[in-house]
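Welcome! Here is a short briefing to read alongside the structure.

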Amino acid sequence: MRRTSIPAGFALCLLVLPTVTHAEPAQLGGTGFTLYEVSERVHMDPSTGEAVRVSPLLGFAELGTPICPSAVWVTVPKIESCTVIATGTNVVSLATATSHVFGSFDVVLKLPSDSSVHIPNAPVLSGTFVGTIDLTQAVTSSSGVPLLLFIRGSFRIEWSSVALPACSALPCTLPFSGTFRVPFAIDDLAHPVEADRGHAAFYLADDRHRRIPVRPTERAAGFPTVRLEVSFGP
């Protein structure tokens, strides 16, 4: 999945955004399912010349969402969310100005026997996902810094150790839509610029005007992370 760069050839067809203004932080993950791009590895496909980006993802799904069913409460009482780990690959088509996203994911829980600082690692659900980003619908600043990207796709749940109200049988396909919020910084003229490690960073709100401060928990080793908010449904 993408970080902060979009091929220059697409920049001319992306929407232009006016200067953003400050606002109070919005509620994190209002959709109930939020993923963060922890890092990214980029290489070129020698046969097509297209950039291929591979990213480990980490995030959380609220209890009661399709991939964090209430049944997990039996395994881990008082749980409020499930941890989601994934690996995503993003390939930009030079011919169609679209980005094809695919990968695999696991929903994991922290067992009661684990220490309070132990990262969740016990899988209860796993599957794959695919999606498409239309780069012509992306929102950028006037200088071409990407701010919002929109994706539509589906999750395919292939295994689960708990009952899934959203699925009558497995494998089960669930459509989704999502918004990538790409972090950005503000220069001396209050214009959006690429975010850097250790400096104040922001996400653009849905009104395409307000900015949402990146929280300390939304950084990976100091770098502000790309945030993906997912909603299930057509």
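Ser55 sits in strand S5 (residues 51-62); strands here are DSSP runs of E, at least two residues long, numbered from the N terminus. This is a predicted model, in which local features need pLDDT of at least 70 and side-chain atom pairs count only at pLDDT 80 or more, while totals for chains, interfaces and linings use all residues. Residues are numbered from 1 along each chain as its sequence is written, and side-chain values use heavy atoms, leaving out hydrogens and water.

**Around Ser55**
- Ser55 is buried, at 0% relative accessibility (buried means under 20% relative accessible area, exposed over 50%, partly exposed in between, with a 1.4 Å probe and protein chains only).
- The Ser55 side chain has a polar atom 3.2 Å from the backbone oxygen of Ser39.

**Aromatic pairs**
- The structure holds seven aromatic pairs (rings of Phe, Tyr and Trp, the last by its six-membered ring, with centres within 6.5 Å; planes under 30 degrees apart are stacked, over 60 edge-to-face, the rest tilted).
- Phe33 and Phe232 make a stacked pair, 5.9 Å centre to centre with 5° between the planes.
- Phe33 belongs to strand S3 (residues 33-37) and Phe232 to strand S18 (residues 227-232), so their pair ties together parts 199 residues apart in sequence.
- Phe33 is buried at 1% relative accessible area, whereas Phe232 is partly exposed at 24%.
- Phe155 and Phe176 form a tilted pair, 4.9 Å centre to centre and 55° between the planes.
- Both Phe155 and Phe176 are buried.

Conventions:
Helices (H or I, at least four residues) and strands (E, at least two) are DSSP runs, numbered from the N terminus. A polar contact is a pair of N or O atoms within 3.5 Å; within protein, one must be able to donate a hydrogen and the other to accept it, and residues adjacent in sequence count only if both atoms are side-chain atoms.
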